[in-house]
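Thanks for coming. I have one structure to go through today, so let me put it on the screen.

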Amino acid sequence: MRRLLLLVVVPGLAIALGACERPFVDVARPDARVVAPDLSEVQTEDTIVLEVEASSFRTIDRVEVNGTPMAFAGTENRWMAEVALLRGLNRLVLTTHDTGGTVAMDTTWAVYLPFRFAPTGPSLPEPRGGHTLTFLPDGTLLAAGGAPDVRAEARRDAFILPPGGRAFSMIPAPMLAARTGHTATPLPDGRVLFVGGSSTEDLAAVRDLVETVEVFDPATQRFEVLPVVGQPIRRAYHTALLRTAGDALLLDLFGGRGDIRYEPTPRLGTRDDLRTFQVFPDSLVALNSLRSAPFLPAALWGHTLSSLAFFGPDLQGQYLVEGTFFDAGVVDSVGYVVDYSRPPELFFRGAPALPSPRIRHAAVPVADLLGFFGGYQGTPTSALARTEFYSPVARRFFRLPQPERSIKRFGHAATNLSAQRILLVGGFAPDGTAFTAAELFETGTMN
């Protein structure tokens, strides 16, 4: 057997050695890279002067961008062209030809998004952070819960903003439980489901977690208890997802700060589980427990979960999770996609993490991008005014140039008022006090 093996291997080796005696020809492809402008940053003008550096072991003959020839800049293999951009994501294909006839194509991306932050959004009657913001069926906005300071107890107050309104007003009947860091989920029947949260912004023990589940009924303008069957819900600063499976209406809860042990000795920690509940008109029934719930790719709290269905039919049933784990000097930014598109299986796949590590930020669709606003890095004093955009098509982030008027905030709520207007409401300042003021992030034609 060994002799047969040698007969097979040795002739092959002879051929390989013989091939090495032939003249070596470098078939390396030409290379092109963008020198200017910095395309990792959002462009605010609809025309850019694109400068490319092209190289090859042969002389570069010409370079094209999206099929249009670029002009040779006269030095250092630089090529330049004016490129018109459309609002949102732009695909730029660079084609490089060398004198030997070798052609290489490279794809890069640019985002054009004129913008401004306007401090003219509808304000809250009282300062709040850690609250939720939810659209009711008639277009009314409901803001609920939260706290006036990071050192304060949560509040039961709820506020509404009618369509076209200029300021929120308080609802006479408050929430049944004071809570902050909870989730608010619109139900198909028009009600809003409130789950989890903490009775204080300074969450320090399992006893601070709010187990009461309640719904807001727009018809009566009142909050009502929704009983839970199974292990109680003990988590805050989590995310929630409503979905259907056949005829069943399901609620998935992701991560958060919560009870990671349950009885007999509850323990507060960062959860890495996904609990599922079936939603009935008069109850919430747990379909799994802490022990049987599937694990998530990472333990996160203060993260965001965003539907990608808005960005194309091939992304239906997929959700992007973005957050950061801060602990004792450890900073671990995490991005992944939850894929429900092939039931009954649930898939997780990796995604780029936020370039600026942060928690308690807000995520809202903007054009064909997903915008990430505010948050903080490790401690509230490191609150950010920084905004970054993610493209599900390009699978990369783009940072917004830092505006002069943007406000450092975290624990705020955000939503789309239109395709070109994002409302950022409340939140906490770096000193821990909450805002009443709201901002409008506007994009489109800037006057």
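Before that, the ground rules. This is a predicted model, where local features need pLDDT of at least 70 and side-chain atom pairs count only at pLDDT 80 or more, while totals for chains, interfaces and linings use all residues. Residues are numbered from 1 along each chain as its sequence is written, and side-chain values use heavy atoms, with hydrogens and water left out.

Sheets. Helices and strands here are DSSP runs numbered from the N terminus, with at least four residues (H or I) for a helix and at least two (E) for a strand. Two strands count as paired if DSSP finds at least two bridges between them. Strand β12, residues 158-161, is joined to β13 by two bridges, and Phe159 stands opposite Met170 in β13.

Another open sheet has three strands, antiparallel, in the order β19-β22-β23. Its edge strands, β19 and β23 (268-270), each pair on one side only. Between β22, residues 257-259, and β23 there are three bridges, and Arg257 stands opposite Thr270 in β23.

Now the charges. Side chains of opposite charge can pair when their charged atoms come close. I call it a salt bridge when a side-chain nitrogen of Lys or Arg is within 4 Å of a carboxyl oxygen of Asp or Glu. The whole structure has 27 of them. I will show a few.

Arg58 pairs with Asp98, with the closest N and O atoms 3.5 Å apart. Arg58 is in the loop between β2 (47-55) and β3 (60-65), and Asp98 is in strand β7 (residues 88-98), so this pair links distant parts of the chain, 40 residues apart. For accessibility, buried means under 20% relative accessible area, exposed over 50%, and partly exposed in between, with a 1.4 Å probe and protein chains only. Arg58 is partly exposed at 28%, and Asp98 is buried at 3%.

Which residue forms a salt bridge with Arg116? The partner is Glu442, and the closest N and O atoms are 2.8 Å apart. Arg116 is partly exposed at 38%, whereas Glu442 is buried at 13%.

Arg271 and Asp273 also form a salt bridge, with N and O atoms 2.7 Å apart at the closest. Both Arg271 and Asp273 are buried. There is also a network: Arg33, Glu51, Glu53 and Arg78 are joined by salt bridges that share partners.

Next, the rings. Rings of Phe, Tyr and Trp (its six-membered ring) pair if their centres lie within 6.5 Å; planes under 30 degrees apart are stacked, over 60 edge-to-face, and the rest tilted. The structure holds 17 aromatic pairs. In one of them, Tyr237 and Trp301, the centres are 5.4 Å apart and the planes are at 55°, so the pair is tilted. Tyr237 is in the loop between β19 (235-236) and β20 (239-245), and Trp301 is in the loop between β25 (283-286) and β26 (304-307), so parts 64 residues apart in sequence are tied together. Tyr237 is buried, at 6%. Phe115, Phe117, Phe373, Phe389 and Phe441 form one aromatic cluster.

Two charges over rings. The test is NZ of Lys or CZ of Arg within 6 Å of the ring centre and within 35 degrees of the ring normal. Arg234 lies over the face of Tyr262, 5.0 Å from the ring centre, and Arg342 has its charged end over the ring of Phe347, 4.0 Å from the centre.

On a 1 Å grid over the protein atoms alone, a cavity is a set of points where a 1.4 Å probe fits but cannot get out; a pocket is an open set with protein on both sides within 12 Å along at least five of seven lines, and lining residues have an atom within 4 Å of a point. Grid points are joined across faces, edges and corners, and a volume is the space filled by probe spheres set on the points.

The largest pocket has a volume of about 1300 Å³. It is lined by 40 residues, and the closest to its centre are Leu133, Ala184, Leu305, Ala363 and Ala414. The largest cavity holds about 60 Å³. Its lining includes Phe117 and Phe373, which are also members of the aromatic cluster.
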